[in-house]
Amino acid sequence: MTAITPNTSEIARQCSFPLFLCHVAAGFPSPADDYIEGPLDLNEHVIKHPSATYFVRASGDSMNGAGIFNGDLLIVDRSLEPIHGKVVIAEVDGQLTVKRLSKLKDHFSLQSENASYPPIELQEGNEVVVWGVVTHVLHNLL
Amino acid sequence: MKVFALVDCNNFYASCERVFDPRLKRHAIVILSNNDGCIVARSNEAKALGIPMGGPLFEQKAIIKKHNVAVFSSNYQLYGDMSQRVMDSLRLYSPDMEVYSIDEAFLRLDHLQPRNLYEYCKTMRAKVLQWTGIPVSIGIGPSKVLAKVANHVAKKQRDDGIFDIRSQQAQDEILKTLNVDKIWGVAGRWSERLRLMGISKASELRDASPTIIRKHLSVVGERILRELRGQSCLDLEEIQPRKSIMSSKSFGNLLTKKGPIEEALANYAARACEKLRKQNSQAQRVYVFVETNGFREIDRQYNNGFTYTLTIPTSDTRSILEVAKFCLSKIYKHGYRYKKTGIMLMDLTSVSLEQKQLFVDLNHRPGDPLMGIVDRINQDHGPDTLFFGAQGVTREWKMRCGLRSPRYTTQWDELLAVS
């Protein structure tokens, strides 16, 4: 059993940050107070379609060139059309993999962003089964 | 004319498992009950192998091994979240919607021109599949009962997963061959009585005299008859707060000592109280029961229950825990091997509709803010982050769920991993 004391990170998570348009002067009420805008919500910024958005964990180094590293959190939107050049989660031999989708004429391939991994070519005429489109990467710098 | 659509997820639990593990496509899947005892859901492939619904797992061991059937414990966190996603996607298609169960919803689609309706449902179906990965079937009808019938046809006979039963011709054709016990609301108890009246097919019930049906099957039966005629009697229902809350599960192993049973009961009580507070209700009566395993013929059998009525209704876990413990002490007997205990909270009232009491100061209720804090911590940090001492630490009674897939959408450390 653990005794729980609220820690600061939890409180920080609960905080919202009102966005002021100008500096707030100390000492007297600022006329700018009338212009306070809504608090910024990170969810709103990165999640456009909540019921179609899933969080996925990246593993391995095949997408390092796209800024996706081992352990990063990927935000995946299934409602978006997978088009040429987007980073997608795709199905290959029953496994889900994160790669960059390439569609040249009618030829699909899944490109890694690391020279040590060859692209995955699909047979002529075969389509890639795309699970979702990656919209953001959350990378921990600590 | 009213237009109802019944949207039903195909093999919902199995479909949820497939979304996050594409290897399971076209693979036979079964899902087990709480405690991994019985089979509660099957994919089409598992149905085709003849694996029965509700059967004990051990009876199917051979066939499961032979056909390499994928077996999962219930992953209710995942199914609950996916259900929410399906329902939220559907809500974009109609402002009037009734979530009927975890995998079914009724939608009113009256605002649409008939010629657009099929296309509209096709788009809706494609959208749910794209957003959630869950395939659905859609039945369209002039009443809820007929929409339900149409859904049955859509699921079994249509490749596009959609069936519209609004035309008289379609109704005649389908109801002629449909057995009455397949009709929503009829089920077993009435089908026998109807058979004795010479009614075995849905069309025969539809064409029967409403007065006679009313005499035999009450006004509820008459409504079903009228709904079969395409006269809508059942409207979409708003979600009503539940009138009683039950929390009960079988133990992982049979228990004989009072301590672990008390501990399990405390956990079910805490869970029930959480649900109670979530719907802003409080309970006045508490019912506790114990059961031995009726299937073990060598064991002596004992089942008993006890009800306690509180002076004032409460939603405070501490009060309920005290009452639950007291009830258990009234019914627990030494010398039996217990399989199950449970608690039911009854006589629920809304917190806002509270009766004033002459001798009790209702304003003096130190529990309420505390319970709110407990609920919030457990919501933010995961279930059982904060729990009552009575709930115990080791929980040796805990049920098995050894084959559960990761909770892909509700736990940070169980997210889907892709390389």
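Q: In which helix of chain B does Ser191(B) lie?
A: Ser191(B) sits in helix H8, residues 187-196. Helices here are DSSP runs of H or I with at least four residues, strands are runs of E with at least two, and both are numbered from the N terminus. A word on the ground rules: this is a predicted model, where local features need pLDDT of at least 70, side-chain atom pairs count only at pLDDT 80 or more, and totals for chains, interfaces and linings use all residues. Residues are numbered from 1 along each chain as its sequence is written, chains are lettered from A and ligands numbered from 1 in the order in which they are written, and side-chain values use heavy atoms, with hydrogens and water left out.

Q: Why is Ser191(B) called buried?
A: Its relative accessible area is 17%. Buried means under 20%, exposed over 50% and partly exposed in between, with a 1.4 Å probe and protein chains only, so Ser191(B) counts as buried.

Q: Which residues does Ser191(B) contact, leaving aside its neighbours within four places in sequence?
A: They are Val180(B), Asp181(B) and Val186(B). Contact means heavy atoms within 4.5 Å.

Q: What makes Tyr100(B) and Phe106(B) an aromatic pair, and of which kind?
A: A pair of aromatic rings is described by the distance of the centres and the angle of the planes. Rings of Phe, Tyr and Trp (its six-membered ring) pair if their centres lie within 6.5 Å; planes under 30 degrees apart are stacked, over 60 edge-to-face, and the rest tilted. For Tyr100(B) and Phe106(B) the values are 5.8 Å and 70 degrees, so the pair is edge-to-face. Over all chains, the structure holds 20 aromatic pairs.

Q: Are Tyr100(B) and Phe106(B) buried or partly exposed?
A: Tyr100(B), at 36%, is partly exposed, whereas Phe106(B), at 0%, is buried.

Q: Which residues are linked into a cluster by ring pairs?
A: Tyr54(A), Trp131(A), Phe20(B) and Tyr408(B) are joined in this way.

Q: What makes Gly392(B) a loop residue?
A: Its position falls between helix H13 (367-381) and strand S14 (416-418) of chain B.

Q: Why does Gly392(B) count as buried?
A: Its relative accessible area of 9% puts Gly392(B) in the buried class. Not counting residues up to four places away in sequence, Gly392(B) touches Glu263(B) and Phe387(B).

Q: How do you know that chain B is as compact as a globular protein of its length?
A: Chain B has 13 helices and 14 strands. Its radius of gyration is 24 Å, close to the 22 Å that the globule rule gives for 419 residues, so chain B is as compact as a globular protein of that length. That radius is taken over C-alpha atoms, and the rule is 2.2 Å times the number of residues to the power 0.38. The C-alpha atoms of chain B fill a box of roughly 65 × 60 × 45 Å along the principal axes, and 47% of the residues are buried.

Q: How many helices and strands does chain A have, and what share of chain A is buried?
A: Chain A has two helices and seven strands, running α-α-β-β-β-β-β-β-β from the N terminus. Of its 142 residues, 31% count as buried.
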